[in-house]
Amino acid sequence: MIPNPISVSFKLDDGREISIETGRLARQADGAAVVRLGNCMLLATVVANPEPKPGQSFFPLTVDYQEKFASAGRIPGSFFKREGRLSDYEILISRLIDRALRPLFPDDYLCEVQVLVTMISSDPEVMPDALACLAASAALAVSDVPIQEIISEVRVARINGQYKINPNRSELKDADMDFIIAATDKNIMMVEGESKECQEADVVKAIEIAHAAIHTQIKAQAELRDKKGVAGKREFTAPYKNDAFAAHIASVASDKILAIAKGAMGKHERGDAFKAIRKEFEASLTANENGTFSAPGYATELLAADIALLGDIFHDLEKEIIRNMMLNDRVRLDGRQLDQVRPLTMEVDFLPSPHGSALFTRGETQSLTTVTLGNAEDELLIETAATSDYKKFILHYNFPPFSTGEVKPMRGPGRREVGHGNLAMRSLYQMMPKNDYPYTVRVVSDILESNGSSSMATVCAGSLALMDAGVPMPKHVSGVAMGLISGKDQKFAILTDILGDEDHLGDMDFKVTGTRDGICGIQMDIKVDGLSMDIMMQALEQARRGRLHILDAMYNTIPQHREDLKPHAPRIVQINVDREFIGAIIGPGGKIIQEIQRETGTTINIEEVNDRGEVKIFSSNKESIDKALSWIKGIVAVPEVGETYEGTVKSIMPFGAFIEFLPGKQGLLHISEVSWSRLDTLDGVLKEGDKVKIKLVGTDPKTGKLRLSRKALMPKPEGYVEPEKRERSDRGDRGDRGDRGDRRGGDRGPRRDDRGPRGDRPQRPHNNGGDQPQAAPQQQETPDNNDADLAL
């Protein structure tokens, strides 16, 4: 029997209620909780192994977020009709949870922990990413897994100038700021989001509003924990340490490490120098007969477990020395000032074949970025349980192992690549032309060298390549990675354009992207307690100066987007037509549009947007586009009396020619309208297939059929006299003509029905009125033959 579940709830500012429940689902997990807002329900579970694996030296935390399609009443569209590997969308939410939780576990806790968050019920108006970390933290709070603090995460958006916590999906479309912020009761832990050129003060205000909302959510989790009766966290065995041995190594190696740190060496040179110090110390060790080791100047014998600690001891020592050097001496590993950006080199049009390209180098970080232009068929489908959306702007970030001088298997993009690419994509998207831009745009950043801030190199290179491709971006977007090192006595150092080693040893790393006018994207991870908003504001201001420095160099390279696309880039021409013409362009069973594509070599896409037909013609050949465009314009054109057209002779009749002057539209060019001279026949004058310029002179008042003239476009011959028009005389009142009787001539006897076989009888000629021949088969928009008499 399932016991009564335990639950708590709280309300958002707009009155919506969020509930957290435990004790009903997943009871064999170490901790489980269900968070509900509206119809959206997330189940979070946590399980931790009781002991670490032998020889393990790192903390193996796994966080996975997954959406069940059944939660929205849908069946997955894959071949197997089941959920498979995590999508990029799910990976990004998993990273939001992971980055917030990971710093809260004890440094010496090495047991494997798995956090799973699953959406089991969907609400189309609720954004689940803002609730996922709350669910994960609640599951940890009601477990005995030794996390140090309760945490939560909210979305804060600015909509029409007002900040709102966890807005509905429909409201978010109007937001000019969209941030996800995670925090404990005292400290901000993570910030990620995008904005339409907001200011640094706006970011700080959003963080403060989010933190106030998080206080309420943390209080609710603490209440749930207390209701469940969680007494404390489990005990665990910390890994073996030898502080005395570490102090001895510090006395021997500190000066050597400091000298290398101040040497302003390159990445690999500095790394090799640090390794040489460790190898020198290892070479000084002496193996004893009893299996122990002795170190010069260290009286105590060393065990094999002590020798195994050398890697961690030297790593921690290097970290401490470098941090103190930056705090006290204000010197960095490569010799730069704290706010100095590394040397910049930029080139555009670097590759001849892509539609746009750029090579961006900053110090030892390099990105080769390309831009490809495609059509509507190249749009990316982003499918979640609640939504199916197409994206016209795609950015992919690749990080091959050679970029860091390593050998690794190529297994496709990992979570880091997905996260870095998403930050660059969100930043550049703020300056991309929106829905009226007909192209699908794909940006690919290949990192060729990496020593810190490769995602920001992607933003800069992407902006340059987009300008090179002729994409009409109004402004450049650049980015810079920042770091923070804090010490005792409120000392701190803010670092601009951090190296990879500085990223690893810092207390905060954050990346800020934007234009000269404001911030477009931000990603922040904080690993230290008590970071004040004043320090954060200083860091954001220093990041702004660094961003502007890089932007100046980018504008010197290419000040604005190219006026035209590359000659080999595909062209897209877009026209809008009335919705009633969509069927005419497509034709029965797609016959017409397929013919146009086949004959012109173009790709044509038609969709109905706001009760209008949006037609896009795509080709790399301008002549092909012009031909298809002319064809479609002809289909949708409405013939106007008095306009001149070029047509094709479709058929010749004794009384004139039928001319197709627009696709599917024909008119009669009467023999009297071919020339100012009298013609008895069109032989030698026109033949089928001839191109002829004609003028639409009118329509038949009875049938509405079209009447054409060729002679109206010719100069009238000198002395030409218009033929006299004969008018029918007035026959007066003909009065009552009485009963005219049998018109056949009275009693003509019985009808001769038995007339015998007609095989050998000559057929009597059929008179259809004067010398007019029999009617031709009817054609679409083709005048009937009675127009011949009318034209005369």
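This is a predicted model: local features need pLDDT of at least 70, side-chain atom pairs count only at pLDDT 80 or more; totals for chains, interfaces and linings use all residues.
Two strands pair if DSSP finds at least two bridges between them, and by that rule strand 16 (residues 365–374) and strand 20 (residues 440–449), which share nine bridges, pair in the antiparallel sense.

- Within the pairing of strands 16 and 20, which is antiparallel, Q366 stands opposite E449 of strand 20.

- Another open sheet has three strands in the order 25-27-26, and their pairing is antiparallel.
- Its edges are strand 25 (571–578) and strand 26 (603–609); each has a single partner strand, so one side of each lacks a neighbour in the sheet.
- The twist from one strand to the next averages 20° in this sheet.
- Strand 26 runs antiparallel to strand 27 (residues 612–619) and is joined to it by seven bridges, and N605 has K616 of strand 27 as its bridge partner.

- Strand 28 (residues 644–653) pairs with strand 29 in the antiparallel sense over five bridges, and the two form a hairpin with two residues between them.
- In this pairing T648 stands opposite E660, a residue of strand 29.
- Strand 29 is also joined to strand 30 (residues 665–670) by six bridges, again with the strands running antiparallel, and here A657 stands opposite L669 of strand 30.
- Strand 29 (residues 656–662) is mostly covered, since six of its seven residues are buried.

**Aromatic pairs and charges over rings**

- A search of the whole structure finds twelve aromatic pairs, one of them between F59 and F105, whose ring centres are 4.8 Å apart and whose planes meet at 45°, so that the pair is tilted.
- This pair links distant parts of the chain, 46 residues apart: F59 lies in the loop between strand 4 (40–48) and strand 5 (61–67), and F105 lies in the loop between helix 1 (88–101) and strand 6 (113–121).
- F59 is buried, with a relative accessible area of 15%, and F105 is likewise buried, with a relative accessible area of 3%.
- The rings of F245 and Y298 have centres 5.7 Å apart and planes at 45°, so this pair too is tilted.
- F245 in helix 5 (residues 243–261) and Y298 in strand 13 (residues 298–302) are 53 residues apart, and their pair links distant parts of the chain.
- F245 is buried at a relative accessible area of 0%, and Y298 is buried at 14%.
- Ring pairs also link F59, F105, Y109 and F236 into a cluster.
- Charged ends sit over rings as well: that of R416 sits over the ring of F399, 4.1 Å from its centre, and that of K434 sits over the ring of Y429, 4.8 Å from its centre.

- The side chain of T600 reaches the backbone oxygen of I596 at 2.6 Å and makes a polar contact with the side chain of T602 at 2.8 Å.
- L116 has its place in strand 6 and is partly exposed, with a relative accessible area of 30%.
- The C-alpha atoms of L116 and V47 are separated by 8.9 Å, although the two residues are 69 residues apart along the chain.

Technical notes. Residues are numbered from 1 along each chain as its sequence is written. Side-chain values use heavy atoms; hydrogens and water are left out. Helices (H or I, at least four residues) and strands (E, at least two) are DSSP runs, numbered from the N terminus. Axes are lines fitted to C-alpha atoms, for helices over the stretch in contact, and angles run from 0 to 180 degrees between N-to-C directions. Rings of Phe, Tyr and Trp (its six-membered ring) pair if their centres lie within 6.5 Å; planes under 30 degrees apart count as stacked, over 60 as edge-to-face and the rest as tilted. Buried means under 20% relative accessible area, exposed over 50%, partly exposed in between (1.4 Å probe, protein chains only). A charge sits over a ring if NZ of Lys or CZ of Arg is within 6 Å of the ring centre and within 35 degrees of the ring normal. A polar contact is a pair of N or O atoms within 3.5 Å; within protein, one must be able to donate a hydrogen and the other to accept it, and residues adjacent in sequence count only if both atoms are side-chain atoms.
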